[in-house]
Amino acid sequence: MKKLDGYMAGPNLGGWISQYRNYDHEHFKSFIVEEDIKTIASWGADHIRLPVDYPVLEDDAQPGTYLESGFEYIDKAITWSKKYGLNVIIDLHKAPGFFFGNLDSNTLFTDPKMQDRFINLWKAIAARYKGEGANVVYELMNEMVEPDSSRWNPMVERLVKGIREVDTEHDIIVGGIMYNSVNALALLPIIDDPNIIYTFHMYEPHGFTHQKASWSFATKEYDRNLSYPSEMEPHIDFLKFSYERSKTNPRPSQPPVAPEFKLPPSYEGLTRMDKEWLHRFMQPAFDFIKKHDKPLYCGEYGVITHSDMQSREIWHEDVSDILLEYGIGRGVWSYKGMSFTLIDQDRKPVSERLIKAICRH
């Protein structure tokens with residue numbers, strides 16, 4: 001199996017040129033600066049994952065006309081990273097016609113023009129960075145949310161084909177549906193290309209990692225503190241609450257709600273929410289490696305700042321231990337802000353123990 005040398009441990013740079021509050025060049029110029037990249041390298045990380053929203057690179061008013069001003073931010077990230085010995089994953093976080101935060105208004109799969117724009121944007125990115133070496137990797141899409149893979153898998157193959165028309169060598173990261181769920185790995189097409197890396201995200205148990213998150217109906221309304229490790233009962237209680245909430249708030253882009261609550265297999269027979277549970281939950285990733293002998297990357301994992309720090313630290317240590325055991329690279333969410341911050345207002349680590357856990361490789 002191809003090893004992910006240089007992409008084993010690093011942070012996401014969320015909130016910079018992706019998921020920003022407003023399209024604002026003053027924000028883009030100041031949110032992340034060279035000193036941040038120097039700091040990340042000093043922690044012992046080997047890469048950054050760089051989320052990018054397409055409006056930074058392409059104006060909706062002029063489709064197909066790409067913005068030099070936007071590409072310059074990616075250029076800076078790559079230049080700074082090379083200076084301090086870091087690699088870069090260019091992650092298209094928001095694509096023409098699709099964003100995981102706009103599930104009821106996405107048009108990617110109903111508008112061929114949006115599909116063409118998506119492919120052409122990746123061809124433009126590849127054309128600009130094909131001269132880079134192994135220090136740059138392309139990630140097709142952050143989190144695809146679909147009820148099944150029937151529309152996404154053909155799109156993946158079209159995107160890879162489009163990139164390969166321009167750049168035949170760079171690694172391409174491919175993720176599945178259901179917000180890049182580990183369970184979606186088995187649904188992905190295995191592409192005949194030696195430079196494909198597969199990915200999943202890890203935010204489980206969700207009631208703990210996203211406790212009190214304002215953007216989720218269930219976590220916002222549940223509004224309780226959960227710790228890790230702990231007894232299993234509070235986590236099962238959240239699952240039941242979330243199930244009841246989903247019945248009144250079904251989403252068309254996700255599988256239909258089950259007729260009755262059923263405890264997921266990862267919970268059966270265990271009385272503790274701990275490292276054993278995490279390993280069991282991520283078993284589909286280990287099965288994928290065994291079956292396909294393909295490299296895996298965990299593009300996002302993390303715990304919201306509402307959690308107590310000791311729980312955050314232990315959870316990150318356990319997840320890192322498990323992923324390292326199987327040679328799976330990882331990118332923690334997120335370096336600055338975004339409710340998952342690793343640094344305070346003075347750009348100092350919120351916890352040295354946390355930094356040590358996320359940067360081991």
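The buried residues of helix 3 pack against helix 1 (25-30), helix 2 (34-43), strand 2 (47-53), strand 3 (87-94), helix 4 and strand 4 (136-139). Contact means heavy atoms within 4.5 Å. Helices (H or I, at least four residues) and strands (E, at least two) are DSSP runs, numbered from the N terminus. This is a predicted model: local features need pLDDT of at least 70, side-chain atom pairs count only at pLDDT 80 or more, and totals for chains, interfaces and linings use all residues. Residues are numbered from 1 along each chain as its sequence is written, and side-chain values use heavy atoms, without hydrogens and water.

**Helix 3**
- Its buried residues (under 20% relative accessible area, 1.4 Å probe, protein chains only) are Gly 70, Phe 71, Tyr 73, Ile 74, Ala 77, Ile 78, Trp 80 and Ser 81.
- Gly 85 follows helix 3, with a positive phi near 80 degrees.

**Helix 4 with helix 5**
- The axes (lines fitted to C-alpha atoms over the stretch in contact, angles from 0 to 180 degrees between N-to-C directions) of helix 4 (residues 112-129) and helix 5 (residues 152-164) come within 9 Å and cross at roughly 35 degrees.
- Residues in this contact include Phe 118 and Trp 122 of helix 4 and Trp 152 and Met 155 of helix 5.

**Nonpolar cores**
- A nonpolar core is a set of buried Ala, Val, Leu, Ile, Met, Phe, Trp, Tyr and Cys residues joined through side-chain atoms within 4.5 Å.
- The largest has 101 residues; Trp 16, Ile 74, Ile 90, Phe 118, Trp 122, Trp 152 and Phe 200 touch the most other members.
- Helix 4 gives the largest share of this core, eight residues.
- A second, separate core of eight residues includes Leu 4, Val 137, Ile 173 and Tyr 297.

Notes:
Buried means under 20% relative accessible area, exposed over 50%, partly exposed in between (1.4 Å probe, protein chains only).
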